[in-house]
Amino acid sequence: MHRLLLSSRQTFGRVSLKTLVAPPSTFLSAPSCQLTCTKVFSSDSKFPKSSSFAARHIGPSTVDIRVMVNEVGLKSIDEIVQKAIPASIRLTDELKLDPAIGEHELLSSLKEMAAENQVWRTYIGMGYYNCFVPTVIQRNVLENPGWITQYTPYQAEISQGRLESLLNFQTMICDLTAMENANASLLDEGTAAAEAMAMCYRQNKRKSFLVDCKCHPQTIAVVQGRAELFGIKVNVVDITPDLDMHEACGILVQYPDTDGCVQTNLAQVAELAKQKKTVVCVATDLLALTLLTPPGELGADVVLGSSQRFGVPLGYGGPHAAFFAARKEFIRHMPGRMVGVTKDRHGNMAYRLALQTREQHIRRDKATSNVCTAQALLANMSAMYAVYHGPRGLQRIGQRVHNFARVLAKGAAEAGFELVNPTGLYFDTLRLRPTKPMEEIRSRAASARINLRFYDDRATIGVALDETVSEADMNDLLRVLGCKSSVAELAERLSPDEGLLASPLARQSNYLEHPVFNSYRTETAMVRFLKRLENRDLSLVHSMIPLGSCTMKLNATTELTPVSWPEFSQLHPFAPTDQAGGYRALFQQLEAQLAEITGFDAVSLQPNSGAQGEYAGLRTIMHYLDSIGQGHRKVCLIPMSAHGTNPASAHMAGMKVEPVNVTRTGSIDMRHLLDLTEKLSDKIAAIMVTYPSTYGVFDPEIREICDVVHAAGGQVYLDGANMNAQVGLCRPGDFGADVSHLNLHKTFAIPHGGGGPGMGPIGVKKHLAPFLPGHAGHDHLNHLAKLPVSAAPYGSASILPIPWAYVRMLGPDGLRRASEVAILNANYMMKRLEKYYKVEYRNEAGFCAHEFIISMNEFRKSGIQAVDVSKRLMDYGFHSPTMSWPVENSLMIEPTESESRDECDRLVDALIRIRAEIDDVVQGKLPSDDNPLKNAPHPQSMVCSSHWPHPYSRELAAFPAPFVRPENKFWPACSRIDDRYGDMHLICSCPPMSSYKAMASSTGRLQSAERARSRDSSSSGSEQSAVQEKSKQSARECRKRKKLRYQTLERTARREERAIEVLYLQLD
């Protein structure tokens, strides 16, 4: 029994185990043999693992690394790190993290952790509801790398799929809310409300904002937190028509409110507000609007809320897509991104991000918002949910939920509960005052594993129903309330003259009439629709996305797998904390990991985007300064090399931005910094430093910069957007930073999702820890700041297993190697390209960090600009690098560690070939206005057209390099987008089918045909007029027949709906 229980025939590697079978006395009595045995058992060469995650994650092989190091003229990867990173900040010790574990081991560990989460039936509400995620959407969108690894659709020609889907989202929001315009998502309902308040303030500059006391508590808290630093006074009141609003910039009303009550006086409130020129904001529920009169028809100026219950898991608070809709006059002040309709250079309808001059990267401290990452992936899921169900399906879900609420109200009344609802109208939520002891209800609910909302007054409870509620669930709820009747018995007593549908607020207007919401009822059709959109977008499944400052690295399948597990996806953010033991352990471990990696003392996981992290970090600084009597400090120093969102975030934090110059090498100008600190020493609150800078270099004087600012009484905020070059090599907390945010969707492998989700947790030094964002109801988040920056306590909690898994599978060695290879890849590519393009910035040793910038200015005289190179790269199968930022007319390239040497070479080869094409234009071999760059990209429709007037071949247009072959060619979905046309003819919802024809007729080719027809018609005279009149008469008769047929179908559909409603009432 003491022998090794292995067959003598088994072998591991090349070593037979026959020689290892020996009694323990042999090992104990023979030191040499014991040493040999120990070596055998501890050596990976004898018992090799199948593979390590680091080898799967990091692109270049060991041989590739040697070749690349040699290409840059050095001997080892360590030498490159020494050349790139200042010696004064380099780590000398290994990170104190657990060693790396394998993928299967990690999933087992996460399963054990997930098992500590208890998934109860939860009816808490407060803006979060369980829902059924259609499996076809979960598998083909949420779990599909073709959808989740896309970047924000700045390059519209290779982003038409998700742009179309986001336009569907905007259309869905406009239709349901009855508003004229909507954006493509915000972070959550609370931050959407805060953005609404800021927009109201910009409209009339009044420093008062009225919030209805019946708004969701977390929404009120986020608004109050945002208002603090804007200097806006938030008054939480009972908003009624007789309220004095003349000094308020805006009002915020919840409809239905947090207790479930549907206000009947919203139209009167809106009318009074309009008289006082006060902006009316309404937070609402999309499912309720399938039955309720929409806010747009009641006078709302802004409508906002969460689309979570449209097919997005609870996820312990996120990620979810908020929505924001407004009247036409507010469109240029709306926060977030908007998708608009435009045309390409051939006149075909296409989509693009509209009004991009509003973007914070461009407007900086004049930006209307600092929103960068939104929730595009979740917005797409919600839009697909509406496409999947259609208007009738959504209405049936809404009716079912409402009828269940009516049954529950009747049962509660029978059990002696009082309905706390001034109007008596509700959709899905009831606030009840029991006559029985509250503890008795708590006990029965706990026994049934049911979560209810227990109000702070300790006298009332809330029950919010959702689409997942079954008849069995309802019977359990009735038993918890002490009702003896069953659902079936109570349903028989419902009167058709009661409820929302019998009230004056019953919805009369139609919605979601566009064909996209009425064409995909079968799964076959739905899958094909999803795949058609996916195929129009370039993502990481196709090729490298070398966007500088965006870190588009591998999003490993193992990291993403737990996101869909019920234990992580089905927890309500305000469920009792003792039901979230797994999440609690995950948060504690992730906070410890990030603190060790950054050198900070405390971490907040609440900010749910990088921009939110910036705002949270600056707010933390301001609260700290105020606590030590330095609240007068308002100046934020921001180097010209800082990340684009920094000035906008500083503005939101109530700071005044003071720019700091940079040198020709991209480093901060120390002389200018010293002058500013001397001049503004008693006013400086902070400096925001992106490190390494967006110019792609590690500033050698970073320690001195921190010391200078500290000496002036300020704090150092280090933007962690470029943390991918630091992990394991240096730590911000060690070289002087006081606070930093981390983009988990960059450095720590959360996918970008086509424009979100993201996470931006902040790390701080000990003196700032008490001022981190708080959240009511979570004692361990009850910091001095108290007020949150996000609606949920842990932001987008359900995607936090991804960075945790990333750190655990790489371990300290893998994390360090990932950073080293990221720096190596960038320097290797830079070295190969420097013969063909001017490299803008390097350090004094001639090296860059993890990204570099190449300039296109030398080609400007020949008419070639960065945008032309950007579009031409699409023909080679690549997404463009970051274009014209931070340096005008340039490309910023970041390969990340996940890309292999072969992939790096392909991009370099493409850029070299493009340089040859540029030379042909410069030398006059190709016209400056008709060449492969100016006409790029070349979609399939263009290349296959019978008309080819260009002085270069179709093959050069479509297959410009040996590695671009028919079997791997990615075709852009359209030719170059006309940005100017899109902004001048702004359409931000699905256009009617007639507009397709109208847009096509605006092209030069069709205009020529139109002129030809006009000439023909003038020669035909009255005969042509008679034909036209006959055609018009025929069209009128056709429309009349269609209208009659539609009315007949409508009557039939209504009869069917009434029959279905009866069936639902019977709850069969």
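At roughly what angle do the axes of helix α11 and helix α22 cross, and within what distance do they come? The close-up views below, all taken from a predicted model, begin with this pair.

**View 1. Packing of helix α11 (residues 217-230) with helix α22 (residues 610-627).** The two axes cross at roughly 60° and come within 11 Å. The crossing in which α11 passes α22 is left-handed. On the α11 side, the contact involves Gly 225, Arg 226, Glu 228 and Leu 229; α22 contributes Gln 612, Tyr 615, Arg 619, Met 622 and His 623. By class, the contact of α11 with α22 comprises three nonpolar, three polar and three charged residues.

**View 2. Packing of helix α9 (residues 160-177) with helix α18 (residues 523-534).** Here the axes come within 7 Å, with a crossing angle of roughly 125°. The helices α9 and α18 are therefore oblique to each other. Gly 161, Glu 164, Ser 165 and Asn 168 form the α9 side of the contact, and Phe 529, Arg 532 and Leu 533 form the α18 side. Two nonpolar, three polar and two charged residues make up the contact of α9 with α18.

**View 3. Packing of helix α27 (residues 866-875) with helix α28 (residues 901-922).** The axes of α27 and α28 lie 10 Å apart, and the helices pack at an angle of about 125°. This angle makes α27 and α28 oblique to each other, and their crossing is right-handed. From α27, the residues Val 869, Arg 872 and Leu 873 meet Leu 907, Ala 910, Leu 911, Ile 914, Glu 917 and Ile 918 of α28. The contact of α27 with α28 divides into seven nonpolar and two charged residues, with no polar residue.

View 4. Apart from neighbours within four places in sequence, Tyr 201 is in contact with Arg 206, Lys 207, Ile 232 and Cys 249. Val 279 is 78 residues from Tyr 201 along the chain, and the C-alpha atoms of Tyr 201 and Val 279 are separated by 9.1 Å.

Key: Residues numbered from 1 in each chain as written. Predicted model: local features only at pLDDT ≥ 70, side-chain atom pairs only at ≥ 80, totals over all residues. Heavy atoms only, no water. Axes fitted to C-alpha atoms, helices over the stretch in contact; angles between N-to-C directions. Helix = DSSP H or I, 4+ residues; strand = E, 2+ residues; numbered from the N terminus. Parallel < 35°, antiparallel > 145°, perpendicular 65-115°, else oblique. Contact = heavy atoms within 4.5 Å. Nonpolar A, V, L, I, M, F, W, Y, C, P; charged D, E, K, R; others polar. Left-handed = near helix turned anticlockwise from the far one by under 90°.
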